[in-house]
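Open the model in your viewer and keep the selection tool at hand. The stops below go from the surface to the rings and then to the backbone.

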Amino acid sequence: DKDIARFLVNSMIKEGIKVYPNATIDKFTKVPRHLEKPIEMTMISSFRDQEIPAGMNKVFSTDPSGPIHGGSIKADVYLAAIGRKPTFNLTHSQAETLGLDEAGIDWDINDGIAVDRKTYRTSNPKVHATGDVIGSPALASTGAEQAKIAVVNMVDAIKAREIMNDTSDDAFPVGIWTLPEIGYYGYTKEKAIELGYDVEVGEATYQNCLRGRVFAPEGLIKLVFEKQSGAIIGCHIIGDDACELIHYGMALVKKRVPIFNLCNEVFTAVTFHELFKEAALDGDAKLDFGAAWQGIFNALSDGVDVTSMPTSQELRQIFDGIDHSNTNHLTIDDLSQMFNELGSNVSRKYIEKLIRVADLDGSGGINFEEFETIINGLTSRMRSGDAYSLHRNSLSHHLEAKRGVPE
């Protein structure tokens with residue numbers, strides 16, 4: 001997540017760490033034999049000075065048209081992050097020693113032993129491989145799960161595939177042990193949009209909970225969720241205990257828990273878990289139909305079959321047909337009659353709640369604009385939820401009945 005990455009970089013800058021974006025070492029000019037003396041090197045960057053993000057350091061430019069070359073810098077230690085490789089970098093001699101070729105096991109010098117990621121069986125059906133020897137993600141936790149699946153597969157392949165559905169290689173949370181910690185699971189907003197999801201993001205800083213304000217005010221949590229259903233599909237955290245908190249975030253994503261559930265959840269006071277509720281409330285506030293509407297929509301849609309958005313003309317005719325008082329405002333009785341005719345099992349108390357939430361002009365009834373908002377919101381909600389079906393007979397029947405067409 002870009003905001004989480006930006007937060008980490010800003011935190012590093014606050015600690016006095018110099019950050020050179022898009023920079024790499026051009027060459028080492030001095031590599032001393034003794035640790036008492038510093039290493040000297042020059043840097044090169046693809047950024048122009050004007051492109052350097054605020055707070056970051058510039059690499060001195062000597063050629064305005066070409067790459068940006070830097071002057072010499074000194075360091076006591078140089079560390080290069082080059083990624084992960086299998087625990088053994090296979091060579092032909094090592095493979096021969098292990099007997100991989102002789103056993104008919106495919107392998108790669110960079111990726112390790114090739115396996116079926118569903119069963120962890122190698123190209124030799126009698127041999128399985130798991131853990132660091134098969135490459136990414138090369139974590140202790142995932143290696144243990146892979147071994148469990150492999151063993152189960154040896155005796156019950158069907159059961160192994162069932163387990164695999166819940167423990168695939170991407171079904172684990174990522175914890176990054178920086179200061180502050182980072183944890184994430186699921187989609188970022190950008191990735192979700194790329195995949196076709198209509199999403200929103202709820203955010204909360206660590207200062208939004210008492211424990212954060214007192215002990216660790218620097219931190220951020222983000223919940224990525226679908227607008228219609230509220231289902232959480234991504235969780236991103238930076239701050240104290242992020243590597244612990246992300247396991248709860250993973251559970252929310254796996255179960256596709258709606259943010260509306262979190263809005264009404266009670267968390268133990270003075271804990272970081274309160275931040276999940278604060279982020280959910282922030283997300284809810286960004287929706288046209290938030291938590292206050294969800295219970296009402298569920299009650300209204302019970303028994304109703306609406307699958308396509310009525311036109312404005314249809315809504316006007318329906319509204320005029322049930323406005324028995326001719327005041328241009330619908331009463332509880334008007335709305336109850338309409339939803340009952342549509343097949344809804346909604347109770348009177350939910351109609352009362354509906355009016356309290358939807359009556360924006362404070363008239364005590366529902367005018368046409370408010371009625372239009374209700375029906376459009378309900379239709380959209382039903383399309384995205386379990387109540388969606390392929391017929392619109394109830395609404396059409398109600399419309400035709402008001403036009404005087406015989407049944």
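Select Leu 210 to begin: this residue is partly exposed, with a relative accessible area of 40% (buried is under 20%, exposed over 50%, partly exposed in between, with a 1.4 Å probe and protein chains only). Leu 210 belongs to helix α7, residues 210–215; helices (H or I, at least four residues) and strands (E, at least two) are DSSP runs numbered from the N terminus.

Before moving on, note that this is a predicted model, in which local features need pLDDT of at least 70 and side-chain atom pairs count only at pLDDT 80 or more, while totals for chains, interfaces and linings use all residues. Residues are numbered from 1 along each chain as its sequence is written, and side-chain values use heavy atoms, with hydrogens and water left out.

**Aromatic rings**

Now show the Phe, Tyr and Trp side chains. How many aromatic pairs does the structure hold? There are 10, where a pair means ring centres within 6.5 Å (the six-membered ring for Trp), with planes under 30 degrees apart called stacked, over 60 edge-to-face and the rest tilted.

Select Tyr 248 and Phe 276, an edge-to-face pair at 4.8 Å centre to centre with 85 degrees between the planes. Tyr 248 is in helix α8 (residues 242–254) and Phe 276 in helix α10 (residues 274–285), so the pair ties together parts 28 residues apart in sequence. Tyr 248 is partly exposed at 24% relative accessible area, whereas Phe 276 is buried at 0%.

**Backbone**

Most residues other than glycine have a negative phi, and most peptide bonds are trans. Select Ser 136 and Pro 137, which are joined by a cis peptide bond with omega of about 5 degrees. Pro 137 is in the loop between β5 (112–113) and α4 (140–155). In that loop between β5 and α4 is also Ala 138, with a positive phi near 55 degrees; Ala 138 is buried at 13% relative accessibility.

Another cis bond runs from Leu 179 to Pro 180, with omega near 5 degrees. Finish at Arg 256, in the loop between α8 and α9 (259–263): its phi is positive, about 50 degrees, and Arg 256 is partly exposed at 38% relative accessibility.
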